[in-house]
Amino acid sequence: MKLQNLLSGFEYTDTCGLPDIDITALAYRPEDTKENCAYILLRGIKNDTKKYLPFILSKGPAVIIHDRDELDTGGITAVRVKDARAVLAFMYSRLYVPDIEKLRFTGVTGTNGKTTTSRLVYSILRKSGLSCIYFGTGRIEINDTRISPGFYSMTTPDPDVLYPALRRAIDCGCTDVVMEVSSHSLALGKVAPIHFSRAVFTNLSPEHLDFHKNMDEYANAKLRLFNSADVGIFNVDDKYSDMLIKRASCAAIKVGCLEIGDVNIHAPEINGLYGSSYSYVTDNCSFIQKLRLPGAYNIYNSALALCCAISLGIPPKTAKAAVSEVSYIEGRMEKVHTAPNIYIDYAHTPAALEAALRLISASVQKRGRIITVFGCGGERDREKRPLMAAVAEKYSDAVVVTEDNCRNERLTDIFRDILVGFSGSAHKIIANRERAIEYAVTTAKEDDTVLIAGKGHEEYTIGAGGILPYSEKNAIYKALKLREEGNNKRHEN
């Protein structure tokens with residue numbers, strides 16, 4: 001594509017003369033620079049890529065796109081724009097998917113419930129016979145076939161992954177896109193070129209405040225999604241929905257149980273860890289929806305998904321059947337073992353951890369102990385660490401604090417922040433996550449319930465040495481083997 005077309009609509013200054021050149025590749029990471037590519041020089045959140053400029057120039061890019069007052073590119077064409085990051089996603093979308101209008105987009109945003117809600121929408125669309133691409137936390141798939149690379153950890157992909165994947169989706173005949181849309185991706189403009197047919201709001205509670213600074217800024221990032229959508233579907237029982245609805249430019253469909261909406265959840269019956277049922281009621285249709293997914297929060301997730309799919313023209317009967325067939329969402333209150341009951345859950349916020357533990361507490365009803373294993377990510381949300389501890393202590397008989405993607409932060413500092421939240425002594429620190437799981441599993445009695453929170457579906461761990469392979473389930477299976485070996489020895493004696 002011509003450079004002028006890639007930059008169409010953006011103010012720019014050609015500092016060395018804008019040549020009439022074709023661009024066949026883009027890059028914004030130094031290691032991805034190729035000869036004759038267009039390189040977008042970003043002001044990084046943590047690392048400014050300007051320091052790599054000599055290396056970048058040595059690779060022979062055709063042009064450098066930047067937003068600096070001055071930049072010496074050694075004679076290589078330099079084009080100055082107002083905001084290089086704002087240009088980035090549009091350049092990728094124009095190069096890879098100039099026919100992006102062939103796709104219908106559904107985006108799901110919120111602090112908790114994004115994965116389950118988006119997964120349910122995707123399941124409904126697939127059951128109705130539509131060809132879809134799905135973007136979820138740690139997973140990209142086309143028509144149920146995973147295409148995401150190993151150690152993929154994003155919620156919403158960066159532009160160099162997102163737009164080539166959309167190209168692949170169109171080439172595979174996809175008509176629909178279902179994606180989780182994170183607040184980071186909205187704030188950084190990753191999805192700015194996309195117009196969403198439907199946007200779904202699940203809820204909002206404190207998270208990512210190391211990035212957004214405060215809840216107002218966090219909520220404003222979410223608002224961007226609804227200002228680029230035709231229709232928004234809102235959980236009106238969440239207090240932030242009113243602000244979003246009032247300020248969003250899209251039409252609104254309200255879904256509520258406590259508050260009256262356009263879609264109303266009536267007569268919810270919650271059977272703890274074993275599912276639930278409720279009446280889905282609108283002016284035009286009503287039916288009883290049965291869920292195999294556990295927890296009251298999945299009543300909301302499923303109702304939002306049903307509303308979204310039905311508003312897209314899916315017959316209610318098809319939507320209802322698709323939702324009732326989903327027995328679990330990977331890494332979301334997923335049962336791994338019975339006697340002792342062992343669950344893994346992605347809960348990594350105080351609200352999500354409390355929802356999971358309240359569900360377990362209501363289900364076990366004092367039959368055995370509740371043992372919780374959790375940690376907090378490094379270089380992220382220090383404020384939530386003691387809150388996580390307080391929640392774990394409130395609902396658990398024993399708590400094991402361990403690592404969870406410490407990144408480049410010292411574990412001792414993370415643990416120090418967590419420990420502030422404990423008021424008693426029913427907790428133990430075991431830094432190594434596999435050893436922590438081993439302790440919890442091998443010391444649990446058959447009627448105990450173990451919740452291992454924080455990583456869920458993730459297949460990696462992030463430490464000071466980078467990303468390494470890791471599986472929560474494999475760690476549990478190893479611990480169960482040791483438990484069985486220990487039981488056998490006791491029986492032999």
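Select Asn112: its relative accessibility is 18%, so Asn112 counts as buried. Buried means under 20% relative accessible area, exposed over 50%, and partly exposed in between, with a 1.4 Å probe and protein chains only. The model is predicted: local features need pLDDT of at least 70, side-chain atom pairs count only at pLDDT 80 or more, and totals for chains, interfaces and linings use all residues. Residues are numbered from 1 along each chain as its sequence is written, and side-chain values use heavy atoms, with hydrogens and water left out.

**Stop 1: around Asn112**

Asn112 sits in the loop between β6 (104–109) and α4. Helices (H or I, at least four residues) and strands (E, at least two) are DSSP runs, numbered from the N terminus. Now show the side chain of Thr349. The side chain of Asn112 makes a polar contact with it, at 3.4 Å. A polar contact is a pair of N or O atoms within 3.5 Å; within protein, one must be able to donate a hydrogen and the other to accept it, and residues adjacent in sequence count only if both atoms are side-chain atoms. Leaving aside neighbours within four places in sequence, Asn112 is also in contact with others, including Thr202, Asn203 and Ser205. Contact means heavy atoms within 4.5 Å.

**Stop 2: helix α3**

Select residues 84–96. This is α3, with 13 residues. From first C-alpha to last, α3 reaches 18 Å, close to the 18 Å expected at 1.5 Å a residue. That expected span is 1.5 Å times one less than the number of residues. Which residues of α3 are buried? They are Ala84, Val87, Leu88, Ala89, Met91, Tyr92, Ser93 and Leu95. Their cover includes α1 (3–6), β4 (63–66) and α5 (159–171).

**Stop 3: the cores**

Nonpolar side chains tend to be buried together in soluble globular proteins. Here the largest nonpolar core has 60 residues. Such a core is a set of buried Ala, Val, Leu, Ile, Met, Phe, Trp, Tyr and Cys residues joined through side-chain atoms within 4.5 Å. Ile133, Leu166 and Met179 have the most contacts inside the largest core. The largest share of this core, 7 residues, comes from α3. Apart from it lies another core, of 36 residues, among them Cys132, Val200, Cys307 and Ala319. Next, click Ile133. Not counting residues up to four places away in sequence, Ile133 touches Tyr122, Ile140 and Leu166, among others.

**Stop 4: a buried tyrosine**

Select Tyr218 in helix α8 (residues 215–226). Is Tyr218 buried or exposed? Tyr218 is buried, with a relative accessible area of 1%. Then pick Leu411, 193 residues from Tyr218 along the chain. Their C-alpha atoms are separated by 27 Å.

**Stop 5: backbone details in loops**

Go to Pro340, in the loop between β17 (334–337) and β18 (341–345). The peptide bond from Ala339 to Pro340 is cis, with omega near 0 degrees.

Move to Asp144, in the loop between β8 (139–142) and β9 (145–146). Phi of Asp144 is near 75 degrees, a positive value in a residue other than glycine. Asp144 is partly exposed, at 46% relative accessible area.

Finish at Glu379, in the loop between β19 (370–374) and α13 (384–395). Glu379 is not a glycine, yet has a positive phi of about 60 degrees. Glu379 is partly exposed, at 30% relative accessible area.
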